[in-house]
Amino acid sequence: IHDLGDSLSLGTAWYLDRKSKQKSDKKFSFGYARFSLLGALINSVVLIAGSIFVIKEAVERLLAPEQTDAKGMFFFALIGIAVNGYAAWQMSGGKSLNEKVVSWHLLEDVLGWVAILIASIALFFYDVPFLDPALSIAITLYVLWNVIKRLKETLFIFLQGVPNDIQVQEIEEKLIDIQY
C-alpha cells in the first residue's frame with residue numbers, strides 16, 4: 001500500500017510539474033505554473049495520510065511486538081536505500097515547492113530504509129522486536145513535522161500569499177520607474 005501510494009503521489013507530482021511549464025493559452029490565461037503547487041499540495045496530503053498510517057501500524061506493533069526476518073529486512077533495506085537515495089539525490093536541488101515536497105517524500109523513504117537497516121542489524125544480535133516500530137515512529141514524526149511546514153508554505157502561496165523570497169516594495173518601485 002505504501003509503495004502504491006508513493007508511486008501515485010510521485011507520478012502525479014511529476015506530471016503536474018511538467019504541466020506547470022506550459023505557456024498560457026485560452027484555457028489558462030495566466031499559464032499553468034500553479035499546477036506545480038497543486039502537485040506539492042497533493043504530495044503533502046499523501047505524505048500526511050501515509051505518516052498517520054505508519055504511526056498507527058507502528059503503535060500496534062509496539063503494543064503487540066512481532067518477530068521479524070532480520071536477513072530479509074537487511075537486503076530490502078540496502079536496495080531501498082540505493083534506489084530512494086539516488087532519487088532523493090537527483091531531486092535535492094529542486095527549486096519549486098513541488099520539487100521540495102517530492103524531495104521530502106523521497107528522504108522519508110530513505111530514512112525509513114535506514115531505520116530498517118539499523119533494526120535488521122540490531123536484530124541479528126539482540127531480541128528487540130520493538131526497535132523497528134520505535135524507529136518508524138521517530139522518523140515519521142520528523143518527516144511529518146517537515147511536511148507540515150511545507151504544506152503551510154504551499155497553502156500560503158496557493159492562496160496567493162506573497163512568497164518569502166519576493167520583495168513587494170522592490171517590485172512596486174520597479175513598476176513606478178517604468179517609463180511610458
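Analyst: Let us begin with the definition that the charge count needs: Lys and Arg count as positive and Asp and Glu as negative, while His and the chain ends are not counted. Please bear in mind throughout that this is a predicted model.

User: How many positive and negative side chains does the protein have, and how far apart do the centres of the two sets lie?

Analyst: There are 16 positive and 19 negative side chains in the protein. The centres of these two sets lie 8 Å apart.

User: What does the secondary structure of the protein come to?

Analyst: The protein has 6 helices and 0 strands. Followed along the sequence, the pattern is α-α-α-α-α-α.

User: How should I read the radius of gyration of the protein?

Analyst: One sets the value beside that of a compact globule with 180 residues, which would be near 16 Å; the protein has 21 Å.

User: What percentage of the residues count as buried, and what makes up the accessible surface?

Analyst: A residue is called buried under 20% relative accessible area and exposed over 50%, with partly exposed in between. Of the 180 residues in the protein, 33% count as buried. The accessible surface comes to about 11800 Å², and carbon and sulfur atoms account for 67% of that area.

User: What percentage of the contacts join residues at least 24 apart?

Analyst: Among contacts between residues at least 6 apart in sequence, the figure is 74%.

User: How many salt bridges does a search of the whole structure find?

Analyst: The search finds 6. A salt bridge here is a side-chain nitrogen of Lys or Arg within 4 Å of a carboxyl oxygen of Asp or Glu. One of them joins Asp 17 and Lys 21, with an N to O distance of 3.1 Å.

User: Are Asp 17 and Lys 21 buried or exposed?

Analyst: Asp 17 has a relative accessible area of 14%, so this residue is buried. Lys 21, at 55%, counts as exposed.

User: Where do Lys 56 and Glu 60 lie?

Analyst: Both belong to helix H2 (residues 34-63); because they are 4 residues apart, about one helical turn separates them. Lys 56 is partly exposed at 41%, and Glu 60 is partly exposed at 40%.

User: Which helix holds Arg 150 and Glu 153?

Analyst: Arg 150 and Glu 153 lie in helix H5 (residues 131-158), 3 residues apart, which is about one turn of the helix. The salt bridge between their side chains has an N to O distance of 3.4 Å. Arg 150 is partly exposed at 23%, and Glu 153 is partly exposed at 28%. Salt bridges with shared partners also form one network of Lys 56, Glu 57 and Glu 60.

User: Which residues does Asn 43 touch?

Analyst: Not counting residues up to four places away in sequence, Asn 43 touches Ser 9, Leu 10, Ala 13, Val 101, Val 102 and His 105. Asn 43 lies in helix H2 and is buried, with a relative accessible area of 0%.

User: Is Ile 139 buried or exposed?

Analyst: Ile 139, a residue of helix H5, has a relative accessible area of 17% and is therefore buried. Leaving out residues up to four places away in sequence, Ile 139 touches Leu 111, Gly 112 and Ala 115. Ile 139 and Trp 104 are 35 residues apart in sequence, and their C-alpha atoms are 12 Å apart in space.

User: Where does Gln 22 lie?

Analyst: Gln 22 is in the loop between helix H1 (2-19) and H2, and is partly exposed at 37% relative accessibility. Apart from neighbours within four places in sequence, Gln 22 is in contact with Gly 31 and Tyr 32.

User: What is the phi of Gln 160?

Analyst: Most residues other than glycine have a negative phi. Gln 160 is not a glycine, yet has a positive phi of about 70 degrees. Gln 160 lies in the loop between H5 and helix H6 (168-176), and is exposed, with a relative accessible area of 61%.

Definitions and conventions. Residues are numbered from 1 along each chain as its sequence is written. This is a predicted model: local features need pLDDT of at least 70, side-chain atom pairs count only at pLDDT 80 or more; totals for chains, interfaces and linings use all residues. Side-chain values use heavy atoms; hydrogens and water are left out. Helices (H or I, at least four residues) and strands (E, at least two) are DSSP runs, numbered from the N terminus. The radius of gyration is taken over C-alpha atoms; the globule rule is 2.2 Å times the number of residues to the power 0.38. Buried means under 20% relative accessible area, exposed over 50%, partly exposed in between (1.4 Å probe, protein chains only). Contact means heavy atoms within 4.5 Å. Accessible areas come from the Shrake-Rupley method with a 1.4 Å probe; for residues, only the protein chains shown count as cover. The place of a charge is taken as NZ of Lys, CZ of Arg, CG of Asp or CD of Glu.
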